[in-house]
Amino acid sequence: MKRWIILLLIVAGIAIAQGTNPNYYQPRRIVNMPNAGLLPHYSWMGQIRIGEAGSIIGYVGLGLWGRLQAGVSYGAHGVLGRGYATPYPRPGFQCKIRPVEESVYVPAIVVGYDDQGLAYWDKEINRFAVKSPGAYIVFSKNWATFGGNLGLHFGTGYSFETEDQDGFNMW
């Protein structure tokens with residue numbers, strides 16, 4: 001059964017993969033952190049993220065006006081592999097707005113919120129093993145090159161999951 005699920009995920013990833021033409025595709029995350037990329041007006045995106053110890057998170061996002069993106073996510077830990085799946089205690093919410101568009105000399109600036117953490121939910125400290133980005137601001141500058149999109153990104157945020165450690169983060 002695991003082989004069929006992995007094969008299905010690989011085939012689905014290849015079938016719906018997006019191109020790298022910077023005229024229509026903006027990366028929206030760098031590894032696990034948000035950047036200033038947004039979905040185009042009236043477009044949507046579905047995503048499945050596979051994480052540590054068999055966790056799976058499904059995400060659906062909607063782009064509006066070319067400056068706003070909103071989405072929801074939900075997942076469970078231990079879905080893939082042996083043992084039992086443990087659903088997350090609540091869905092995650094993501095929203096980001098771009099008040100400053102990118103130009104030749106000015107980076108795009110995005111202000112957003114993302115409360116979806118990663119891995120398992122730790123009941124003792126009331127948060128995910130990997131904290132969510134929380135409220136953040138991101139600066140992104142992209143250049144079209146012969147090999148695709150080249151970008152520099154800087155972000156800082158405050159995660160509201162502060163029971164065991166400070167919530168400030170930079171990426």
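**Exercise 1.** Which pattern does the protein chain follow when read along the sequence?

*Solution.* This is a predicted model, in which local features need pLDDT of at least 70, side-chain atom pairs count only at pLDDT 80 or more, and totals for chains, interfaces and linings use all residues. Residues are numbered from 1 along each chain as its sequence is written, and side-chain values use heavy atoms, with hydrogens and water left out. Helices (H or I, at least four residues) and strands (E, at least two) are DSSP runs numbered from the N terminus. The pattern is α-β-β-β-β-β-β-β-β-β-β-β-β-β, that is, one helix and 13 strands.

**Exercise 2.** Determine how strand 9 and strand 10 pair.

*Solution.* Two strands pair if DSSP finds at least two bridges between them. Strand 9 (residues 118-122) and strand 10 (residues 127-130) have three bridges, in the antiparallel sense. Asp122 has Arg127 of strand 10 as its bridge partner. The two strands form a hairpin with four residues between them, and Asn126 in the turn has a positive phi of about 55 degrees.

**Exercise 3.** Classify the ring pair of Tyr113 and Phe160.

*Solution.* Rings of Phe, Tyr and Trp (its six-membered ring) pair if their centres lie within 6.5 Å; planes under 30 degrees apart count as stacked, over 60 as edge-to-face and the rest as tilted. By this rule there are five aromatic pairs. For Tyr113 and Phe160, the centres are 6.2 Å apart and the planes stand at 45 degrees, so the pair is tilted. Tyr113 lies in strand 8 (residues 108-114) and Phe160 in the loop between strand 12 (148-158) and strand 13 (168-170), so the pair ties together parts 47 residues apart in sequence. Tyr113, Tyr158, Phe160 and Phe168 form one aromatic cluster.
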